[in-house]
Amino acid sequence: MTSTVTDLTYVIREGMAGHPTHGRTPVKIVGSLNHWAYASTERRNDYDGKRVSFQNEQWIMNGNTGTHMDAPWHASPDTEFTADRIPVEYGLGTAIWLDCSSSAAKHSEITPADLERAEQESGQTIQTDDIVLIHTGWSQYAATDQETYLRAHPGLTKESGEWLRAKRIRTLGVDLGTPETTSGAQTAPIHTNFLRPESLGLEQSDFIGIIENLDRIDRIPAHRFQFIGVPLPLEGSSASPIRALALTD
């Protein structure tokens with residue numbers, strides 16, 4: 001059976017929306033190879049006789065660039081789980097998406113009641129080890145109104161994070177620059193709960209993954225699907241860009 005693939009990933013480009021704490025967004029630099037330089041060579045390929053030509057680029061970017069997965073190291077100075085040590089299963093497996101767009105407004109808070117309603121409306125039930133994606137519709141502002149996207153976004157309350165942990169989910173993904181509310185950003189209860197489980201008296205390995213800056217969640221044809229979005233093994237990194245894909249039958 002052929003799967004329908006929904007790409008949930010932002011194109012990485014200079015000037016894209018990036019959380020204010022993560023520094024300048026990507027910088028693209030011409031690399032050590034480029035087609036302009038090769039235009040003066042006389043190396044010819046074996047098929048149509050045109051000049052052999054190569055191009056590469058250098059990218060300078062924060063690990064938290066674009067659609068990315070936070071590693072526990074992002075929020076915990078004591079953990080061993082950097083991006084290269086996150087088990088790939090945190091970005092691979094069964095998933096469900098919840099529509100919380102009716103609760104999303106500037107600076108609004110998504111509560112457990114909102115999540116329960118969205119779960120019921122989805123016709124699905126969150127299962128242990130599910131990857132849960134939250135659709136707020138806020139990605140519509142990422143390209144056109146970065147101030148609203150990054151500074152006036154909705155977010156999950158502390159209690160919502162606890163509700164999701166009680167469901168024993170594997171990873172949370174949001175179409176926001178952060179799952180935190182604007183009012184709760186200073187204490188960061190979602191990042192603490194999910195990425196710093198030792199603060200809850202749990203083992204460091206009991207972390208829940210966080211994926212930020214997803215796009216087009218509401219275009220996934222079914223609420224239950226397979227998700228692929230694994231981090232690059234960037235040694236010692238607090239986060240990694242991912243290519244986030246939803247596969248539905």
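The largest pocket has a volume of about 430 Å³. A pocket is an open set of points on a 1 Å grid over the protein atoms alone, with protein on both sides within 12 Å along at least five of seven lines. A volume is the space filled by probe spheres set on the points, which are joined across faces, edges and corners. This is a predicted model: local features need pLDDT of at least 70, side-chain atom pairs count only at pLDDT 80 or more, and totals for chains, interfaces and linings use all residues. Residues are numbered from 1 along each chain as its sequence is written, and side-chain values use heavy atoms, with hydrogens and water left out.

The largest pocket is lined by 23 residues. H19, T21, T178, E180 and A185 lie nearest its centre. Lining residues have an atom within 4 Å of a point. Helix 3 (146-151) and helix 5 (189-195) each supply at least two residues of this lining. Helices (H or I, at least four residues) and strands (E, at least two) are DSSP runs, numbered from the N terminus. By class, the lining of the largest pocket has 5 nonpolar, 13 polar and 5 charged residues. Here Ala, Val, Leu, Ile, Met, Phe, Trp, Tyr, Cys and Pro count as nonpolar, Asp, Glu, Lys and Arg as charged, and the others, Gly among them, as polar.

The second largest pocket has a volume of about 180 Å³. Its lining has 4 nonpolar, 1 polar and 6 charged residues. Among the lining residues are R165, R168, R170 and D129. D129 has a positive phi of about 75° although it is not a glycine. Most residues other than glycine have a negative phi. D129 sits in the loop between helix 2 (112-122) and strand 7 (131-135). With a relative accessible area of 38%, D129 is partly exposed. Buried means under 20% relative accessible area, exposed over 50%, and partly exposed in between (1.4 Å probe, protein chains only).

There is also 1 cavity of 30 Å³ or more. A cavity is a set of grid points where a 1.4 Å probe fits but cannot get out. The largest cavity has a volume of about 70 Å³. Of the 13 residues that line it, the closest to its centre are G18, T25, P26, N64 and T65.

Now for the charged pairs. The structure holds 9 salt bridges. A salt bridge is a side-chain nitrogen of Lys or Arg within 4 Å of a carboxyl oxygen of Asp or Glu.

How many residues apart are R243 and D7? They are 236 residues apart, so this pair links distant parts of the chain. R243 is exposed, with a relative accessible area of 54%, while D7 is partly exposed at 23%.

R224 and D130 are 94 residues apart. R224 lies in strand 11 (224-228). D130 is in the loop between helix 2 and strand 7. Is D130 buried or exposed? D130 is buried, with a relative accessible area of 1%. R224 is partly exposed at 27%.

E162 and K158 both lie in helix 4 (residues 158-166). They are 4 residues apart, about one turn of the helix. Elsewhere, salt bridges that share partners join E42, R44 and R51 into one network.
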